[in-house]
Amino acid sequence: MDNICAEQRPLCVLDAMRYLDTVKARFHDLPEVYNRFLDIMKDFQSANINTLAMIKRVSRLLAAHQDLIRGFSIFMPPEYSIKPELDGSITIYSPVGTSRVVADQTSL
């Protein structure tokens with residue numbers, strides 16, 4: 001995913017919009033996956049879920065799409081990271097420990 005704002009500087013709104021467009025295009029034939037992604041983001045923005053829950057839900061939803069996981073990881077707080085694994089799972093590193101999630105079958 002190209003950074004359309006500038007290299008080596010904080011992310012901007014255009015970066016987020018481009019990522020959303022990428023997710024929407026990927027799931028053009030599965031709009032429920034894109035809508036679920038938006039629902040997760042809305043839950044996070046409204047403080048219905050915390051950062052770790054949001055990362056786990058997005059990782060589960062997008063686990064089968066490593067490029068989307070890598071793209072999503074750039075928006076996470078620095079104390080969190082995600083790593084796609086060879087078996088298709090995602091390892092999440094957070095201040096409270098390490099978690100592993102597998103793909104949600106609806107997004108495959």
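**Exercise 1. Determine how many helices and strands the protein has, and in what order they follow one another.**

Solution. In this predicted model, the secondary structure comes to four helices and three strands. Reading from the N terminus, the elements run α-α-α-α-β-β-β.

**Exercise 2. Work out how the three strands are arranged in the sheet, and which of them stand at the edges.**

Solution. Begin with the order: the strands form an open sheet, β1-β2-β3, and their pairing is antiparallel. Then count partners: β1 (81-84) and β3 (97-101) each have a single partner strand, so one side of each is left without a neighbour in the sheet, and these two stand at the edges. From one strand to the next, the twist averages 20 degrees. Finally, look at one pair in detail: β2 (residues 90-94) is joined to β3 by five bridges, and Ser 94 stands opposite Gly 97 in β3.

**Exercise 3. Find which strands helices α3 and α4 lie across, and at what angles they run.**

Solution. Take helix α3 (residues 51-62) to begin with, which lies across β1, β2 and β3 and runs at about 170 degrees to β2.

**Exercise 4. Describe the burial, the surface and the contacts of the protein as a whole.**

Solution. Of the 108 residues, 34% count as buried, where buried means under 20% relative accessible area. The accessible surface comes to about 6,500 Å², and 54% of this belongs to carbon and sulfur atoms. For the contacts, consider those between residues at least 6 apart in sequence: 41% of them join residues at least 24 apart.

Methods: Residues numbered from 1 in each chain as written. Predicted model: local features only at pLDDT ≥ 70, side-chain atom pairs only at ≥ 80, totals over all residues. Heavy atoms only, no water. Buried < 20%, exposed > 50% of the residue type's maximum accessible area, 1.4 Å probe, protein only. Contact = heavy atoms within 4.5 Å. Areas by Shrake-Rupley, 256 points an atom, 1.4 Å probe, with all protein chains shown as cover. Pairing = 2+ DSSP bridges. Axes fitted to C-alpha atoms, helices over the stretch in contact; angles between N-to-C directions.
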